[in-house]
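Subject: Structure for your review

Hello,

My notes on the contents follow below it.

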Amino acid sequence: MRPKIGEILIYDAVIVGAGAAGLFSAINLRAKSVLIVEKNALAGRKILASGGGRCNITNANLSVKNYLGDENFISQILRRLSVDELLSVFAPLEFSLEKNAQYFCKNHSRAVLQKLLSMAQKTCEIRTNCEICEISKSGEIFNLFSIKGEKFCAKNIIIATGGPSFRALGASDSALSFAESFGIKCEKFRPALVGLCVQKSEFWFKNLSGVSLGVRAKLAGREIAGEALFTHRGISGPAILNASLFWRSGKITLNCAPNHNMQSLEKTLNGGKKQLSSLPFLPKRFVLEFLRSQNLQDKIFSKYSPAELEKIARIFSYEFAPAGTFGFEKAEISAGGVCTDELGADCESRKIPGLYFAGECIDASGMLGGYNLHFAFASALCVARAINSKLSARNLAKFG
Ligand SMILES: Cc1cc2nc3c(=O)[nH]c(=O)nc-3n(C[C@H](O)[C@H](O)[C@H](O)COP(=O)(O)OP(=O)(O)OC[C@H]3O[C@@H](n4cnc5c(N)ncnc54)[C@H](O)[C@@H]3O)c2cc1C
């Protein structure tokens with residue numbers, strides 16, 4: 001007989017949120033009674049949208065260097081789940097190793113979600129359309145309340161509610177209100193892996209909407225290489241999305257032709273005898289807008305004065321201070337979350353035993369490339385293993 005309070009079943013574990021972290025913790029739990037509650041009608045909507053529908057599940061170059069957050073905490077989480085172990089969980093699904101060491105599902109991301117759901121349904125109950133709005137603890141038992149007035153009781157709780165980016169997919173900042181209600185410190189969520197809006201001085205970026213360039217962005221002691229894409233709101237593309245993870249305020253320096261310098265530029269222009277806009281490695285539209293932004297004309301390179309050449313050299317180190325980000329609606333992830341110094345190595349709250357956090361709601365965020373799903377899975381595995389060993393220790397004590 002499962003323990004009950006009055007007529008309410010006490011679950012070994014209730015998982016709040018059926019995304020990557022919630023479902024992965026469910027399939028790794030070896031408990032008798034596990035419930036997942038999910039506010040959406042469908043579980044795992046972000047998994048479906050991931051990787052443009054192809055689910056970039058992990059990265060062959062998995063490293064703590066690709067994350068923002070406490071390095072010790074993140075590396076102890078990543079150590080629990082290697083890339084090969086993760087891929088093997090999804091067998092027989094196949095993944096292809098592509099550009100930037102990214103692993104994509106050869107089928108649609110729907111196949112990844114179906115695999116997780118079919119494994120989770122074997123071991124636990126999933127309740128959709130169930131949004132939890134309050135969690136409290138009395139004695140050893142947690143009480144969860146849904147917005148519809150349902151009550152659930154559990155010995156352990158896993159908060160896997162993600163962050164508030166892409167609200168259309170069911171995202172929420174519930175994790176922070178649950179954590180804060182228990183006195184657990186959190187870092188406010190902020191949009192990350194997101195495009196950047198520009199100030200008036202860079203409104204010329206907007207005239208380049210649709211143009212992309214290979215750039216190197218420098219900020220906060222990091223250099224990030226990749227494509228930048230100019231848009232009608234500012235600047236986006238993989239290099240900028242990654243830069244947004246580390247940007248809080250202040251300037252970003254863009255090298256718009258990272259494999260060149262003023263000498264190679266002159267050489268490429270036939271010893272300076274050609275017009276600047278004829279450079280083969282920069283889109284003509286970019287060169288013309290850049291020149292306009294610097295109040296310069298397009299002309300034969302050797303005709304520029306030293307002062308004008310100084311301005312042209314800004315192609316290699318263009319400094320700009322973004323006005324902000326495109327916001328949560330466009331952000332692939334939310335940086336911030338539950339502070340990692342509040343959590344043990346198994347993601348259990350140091351203050352509230354039995355309260356665990358997994359996935360994006362933890363203040364540890366990855367760059368583009370499969371790092372966020374990998375962290376969601378690895379943190380979920382840590383939590384599941386910790387609860388398994390706690391429950392088996394209890395059973396041994398009971399029967400031993
Ligand atoms: C468009 C898009 C594409 C992406 N592509 C990739 C990619 O290819 N590779 C990669 O690594 N990362 C990618 N990411 C990021 C990645 O999807 C997330 O970091 C990851 O899914 C986080 O998993 P999670 O389980 O922590 O949170 P989520 O996936 O957000 O799951 C949280 C779940 O909790 C539910 N929930 C929230 N509040 C409550 C509540 N109060 N009660 C009950 N349920 C609640 C939500 O409805 C949701 O289902 C992408 C993100 C987006 C938006």
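There are 16 aromatic pairs in the structure, a pair being rings of Phe, Tyr or Trp (its six-membered ring) with centres within 6.5 Å; planes under 30 degrees apart count as stacked, over 60 as edge-to-face and the rest as tilted. Phe 90 and Phe 377 make a tilted one, at 5.8 Å centre to centre and 55° between the planes. Phe 90 sits in the loop between α4 (83-89) and β6 (95-98) and Phe 377 in helix α11, so this pair ties together parts 287 residues apart in sequence. Helices (H or I, at least four residues) and strands (E, at least two) are DSSP runs, numbered from the N terminus. Phe 90 is buried at a relative accessible area of 0%, and Phe 377 is buried at 1%; buried means under 20% relative accessible area, exposed over 50% and partly exposed in between (1.4 Å probe, protein chains only). The rings of Phe 301 and Tyr 304 are edge-to-face, because their planes stand at 75°, with the centres 6.2 Å apart. Phe 301 is buried, at 4%, and Tyr 304 is buried too, at 5% relative accessibility. Ring pairs also join Trp 204, Phe 205, Phe 230, Phe 286, Phe 290, Tyr 318 and Phe 320 into a cluster.

Before the rest, the basis of the numbers. This is a predicted model, in which local features need pLDDT of at least 70 and side-chain atom pairs count only at pLDDT 80 or more, while totals for chains, interfaces and linings use all residues. Residues are numbered from 1 along each chain as its sequence is written, and side-chain values use heavy atoms, with hydrogens and water left out.

Two of the cluster residues, Phe 286 and Phe 290, are among the buried residues of helix α9 (residues 284-293), together with Val 287, Glu 289 and Leu 291. The buried residues of α9 pack against β14 (212-219), β15 (222-230), α10 (306-312) and β18 (318-320), where contact means heavy atoms within 4.5 Å. Just after α9, Asn 295 has a positive phi of about 55°.

Now the ligand. Of the 34 residues around the ligand, Glu 38, Gly 51, Ser 172, Glu 360 and Leu 373 come nearest; a residue is near if one of its heavy atoms lies within 4 Å. Helix α11 (371-399) is one of the elements that supply at least two shell residues, and α11 gives the most, with 4. For Ile 132, a backbone N or O atom is 3.0 Å from a ligand nitrogen. The protein covers 96% of the 1000 Å² of accessible area that the ligand has on its own (Shrake-Rupley method, 1.4 Å probe; for residues, only the protein chains shown count as cover).

Last, Asn 56 in strand β4 (residues 56-59). Asn 56 is buried, at a relative accessible area of 8%. The side chain of Asn 56 reaches the backbone oxygen of Tyr 103 at 2.9 Å, and a polar atom of that side chain lies 2.8 Å from the backbone nitrogen of Gly 370. Not counting residues up to four places away in sequence, Asn 56 touches residues including Gly 51 and Leu 373, both among those nearest the ligand.

Regards

Key: A polar contact is a pair of N or O atoms within 3.5 Å; within protein, one must be able to donate a hydrogen and the other to accept it, and residues adjacent in sequence count only if both atoms are side-chain atoms.
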